[in-house]
Amino acid sequence: MAVLADISNEFIREEIEEFLERPEEVGRSIGLFARVTPKMQEIAAGIIEGEDDIVDELTRAALDEGIDALEIMDDGLIAGMSIVGIKFRDAFIFVPEVLACARAMKAGMAHIEPILSASGIKSLGTVIMGTVKGDLHDIGKNLCIMMLRGAGFTVHDLGVDVDEDTFMDAVEEHRAPLLGMSALLTTTMPNMGKTIEAFIDEDLRDDVKIMVGGAPVTQKFADDMGADGYGKDALACVSLAKSLLEERAAQGV
Amino acid sequence: MGSEVSDTRQQEIQKSLDRLTEILSGIVVQADEQSLTRCPYKNARDECTAQFGCRNQRKRTVEGERRLVCVGDDKLDYREAWDSDPESVKKAGDALAATRETGRRRRDARRRKSRTGRQKRKSGHRTSNAGRRTSNAGHRTSNAGRMARQAGQTLFDLADELSKQVPTSCGRSGLCHECIVEVHRGMDALMPRTDPESFLEGNYRLACQAAIIEPGSGIEFSPLRRVPKILTRGRRRRVDLDPMVTRSGDAVHYGGRPVDQYRGGIYGLAIDLGTTTVVMELVDLESGETEHVCAFGNPQRIGGSDVMNRISYDGKHRRELWRVVANTINYEIACMSDRFGFAPSEIYETVVVGNSTMRDLFFRLDVQSIGTKPYKSLTEHEWQQGKRESTALSASARRLGLKINRNARAYSPPLVASHVGADVAAGLGVIDFDGDERTVMLVDIGTNTEVVIRHDGRMLTASCPAGPAFEGGLVKYGMPGYEGAIDRISFTGDGFDYTTIGGTAPQGLCGSGLVDLLAELRRHGQISAKGVFAEKRRREMTLVPERNITFSREDASNLAQAKAATYCGQFILMRHLGLTADDIDKLYLAGAFANYIDIDNAVEIGFLPGVPVERIEKIGNAAIQGAREILLSRRHRTETEQLVRGIEHIELETTPDFFEIFVEACQLKPMPGKPRYWN
């Protein structure tokens, strides 16, 4: 039976001691981190701290050393993320911190993905995501992106305040079958409609499925603006993305 | 065999990915739940991480660090900090429906137009490489624009064709309300107002929304801004440099506190928000020099031409008037910045003056209380109740929507009383109103004329709602002092001699021309004191036959009433103090159009009292001048705040014999030397 002292990384030890309360979770985490190499513990610590450049560097170095991609993913990245999930659940950290961790996760996964796809794990598809023009809200969109990436989509994040041309350029450039738009304000929601109109005007509308979401958006508004789907939250976003792609495949595009 | 190994590995990887998804799903579910009770932009240190300037963000010093903290109440739905009231949700829905409808109409029109069928944009690009595709992005907008222009054209498209400048900042989506235009001809040739235009009345439209039904039907329209040629700078006095904003080494200080790094310049902006005309003066706060003055028609005229109309408009369409004027000011700042090579972020303070309504609208205050008895600004009510020290206002310029330095402040001197606003307070500072021993009167002529008298230690003020008749309103060929306005006119017996501003072909008469006209017609017996033409049944006379410029009895009557308001203000105040015109030692005439007025003619029709001409001084736009001095001198600011405290306000309408005086005042004749209604 492993004990806390078996974990070499001091930061991880402190995290477990300080933030984990449920005995089964403490036990499981100690067991996990006592088993993994110090390098993987360091990567996990980078994830927990939300340090994307550290994770980026450590992951690349680990792969260069010949450490198996799956081991890095399991023992480093995901192990770290599991602590993040618990800390968030118990309100030690909040959404902005979680998103920083997700960013660090992405930095690590960027190195892992090519190796995974070489093993036959294909991306589910490419999604362009952005918050519409005039709107600077990004949390909902970022949570969606986190989920989509986790589920195996390739996501190109255009950020906030994205105009129609930028959306169209990105869809064309990445030949993305799927576009997700977010708006958090009633005043910017109409710009979703504008963007869809622009796609129609440029005869690009049939090439892409468009999903929309955000506080003021409802299924009815989504229908009114001519979107293909509406997702009420980040979970719905993933299943929506999957079903839109299936729909698209069925249409033989 | 190889594929079997690969299969196992794939399964392992998939298992890991599934576990990750499981963790993330837990997080997302939790985030969703948590966001009901805690704003998701708030981090573990209770700092606000929002990039969009949430209204609950405050800069606070916590543990010696400047932090953006959230002061929102998490118990409530944090989304209130954004914008989710039912009305705006409905508006957004309407805008969506409108966008779709316009798009559909446009495409239908395009389809009908092109017999050859649509040119698929992508056919040319799909095969080319990605880089090429991106570089083509620039062309897209212009292509789309061109197509739209062929049919289902909007006024904005038409303006593009005519190279007319119409401002916009929302990509012509009907959201920013900057592209308001006045349609002079052809309202019928336009589609009905769309939902984004529901706040507009009369002949005003949003250029981006107004679709043209019949192209080529001679539609005439102009953007809201028109630059008047009459720019008065007022008296330039030397002011001891003591501005609120100063440079201290590499830092810029506001009232002694560091607010920014020195960027190469420190500017202040004086703004006189006239009901009809807005004047802005850009002042270099390091040298005290005025860098630039500009003036433009107040775009708030979409809400009516006088103060009362605007108050009721603001009641119906809250903040639209604020928005339209802030937009226009930003546009002018951007133009100035382009032309004179300074950055808007180098403007650290703006001093804004205007009558009570104009000022409060600008500061986003509710103005309804100014529209009902006792006609006082909320700030004046609060001041009287001891809730504030003064009616002066100070606010973050960013909160007021001004695109200048992010730490810039907007200051307004106090109101004098009731409708008599901060513009008059600023103007009084320019003439050293309380430093003088004699009997002094200031008349600031405008859409709302204000009178202030000081005599024997007493100071009285009144506001006279003259209306816009002398500034282009209510008179068929009246116009503000733009190019082409007749500014001088005299009767020759069989016709009229005149001069125009800019010497161009006449388009109408501005205020000074109208005063001349009334006096000349009276002098030559062409019109009676009651405004009846010599040929009694005549309704209209021709002034400039070749341009069809006419003058009607109705015009004369509207001018007489506007004049009467000014008359009443001066007369009643003078009477209160037992004064006649002879007793006035100094009469200061302020206001842009006062500078061009012929004094003899003004006295002839009873626009001004018969104060000997050598005692009258025209001081031009005293308000902007005062605003400039307040920018430059903190002492001046305090003095102005002190000065207004002693001024008593006389409500003209409550004078018992007001009606009789007003009827008398409507006559086109001089004010009596000895007041007839002597108490």
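How many of the eight residues of strand S10 (residues 277-284) of chain B are buried? Seven of them are, and the strand is mostly covered. Point 6 returns to S10(B).

1. Ground rules. This is a predicted model, in which local features need pLDDT of at least 70, side-chain atom pairs count only at pLDDT 80 or more, and totals for chains, interfaces and linings use all residues. Residues are numbered from 1 along each chain as its sequence is written, while chains are lettered from A and ligands numbered from 1 in the order in which they are written.

2. Chain A overall. Chain A has 11 helices and five strands. Both are DSSP runs numbered from the N terminus: helices are H or I with at least four residues, strands E with at least two. The chain holds 253 residues, and 57% of them count as buried. Buried means that 20 or more other C-beta atoms lie within 10 Å of the residue's own, with C-beta atoms placed from the backbone; exposed means 12 or fewer, and partly exposed is in between. Take the contacts in chain A between residues at least 6 apart in sequence: 73% of these join residues at least 24 apart. A contact requires C-beta atoms, placed from the backbone, within 7 Å of each other.

3. The sheet of chain A. Its five strands form an open sheet, in the order S2-S1-S3-S4-S5, with parallel pairing. Strand S2 (154-157) and strand S5 (229-230) of chain A each have a single partner strand, so one side of each lacks a neighbour in the sheet. Strands pair if DSSP finds at least two bridges between them. Strand S1 (residues 126-131) and strand S3 (residues 178-182) of chain A run parallel and share five bridges. Here Met129(A) stands opposite Gly180(A) of S3(A). Two helices lie across this sheet. H8(A) lies across S1, S2 and S3 of chain A, at about 170° to S1(A). H11(A) lies across S1, S3, strand S4 (209-213) and S5 of chain A, at about 160° to S4(A). Axes are lines fitted to C-alpha atoms, for helices over the stretch in contact; angles between N-to-C directions run from 0 to 180 degrees.

4. A helix pair in chain A. Helix H4 (residues 52-64) of chain A and H6(A) have axes that come within 8 Å and cross at roughly 25°. The two helices are therefore roughly parallel. The cut-offs are under 35 degrees for roughly parallel, over 145 for roughly antiparallel, 65 to 115 for roughly perpendicular, and oblique for the rest. From H4(A) the contact takes Asp52(A), Val55(A), Asp56(A), Thr59(A), Arg60(A) and Leu63(A); from H6(A) it takes Arg103(A), Ala104(A), Ala107(A), Gly108(A) and His111(A). By class these are four nonpolar, three polar and four charged residues. Nonpolar covers Ala, Val, Leu, Ile, Met, Phe, Trp, Tyr, Cys and Pro; charged covers Asp, Glu, Lys and Arg; the others, Gly among them, are polar.

5. Where the chains meet. Chain A brings 58 residues to the contact and chain B brings 60 residues. On the chain A side, several helices supply at least two residues each, including helix H6 (95-118), helix H7 (139-151) and helix H9 (190-201). H5(A) gives the largest share of that side, nine residues. The chain A side divides into 30 nonpolar, 13 polar and 15 charged residues.

6. S10(B) and its neighbours. Strand S9 (residues 267-273) of chain B and S10(B) run antiparallel, joined by seven bridges. Tyr267(B) stands opposite Asp284(B) in S10(B). The hairpin from S9(B) to S10(B) passes through three residues. Seven bridges also join S10(B) to strand S11 (residues 290-297) of chain B, again antiparallel. Glu281(B) has Val293(B) in S11(B) as its bridge partner. This second hairpin has five residues between its strands, and Gly288(B) in the turn has a positive phi of about 85°.

7. S17(B). Six of the seven residues of strand S17 (residues 458-464) of chain B are buried. Strand S16 (residues 449-455) of chain B runs antiparallel to S17(B), with seven bridges. In their hairpin, which has two residues between the strands, Asp456(B) takes a positive phi near 55°. S17(B) also runs parallel to strand S25 (residues 647-649) of chain B, with three bridges.
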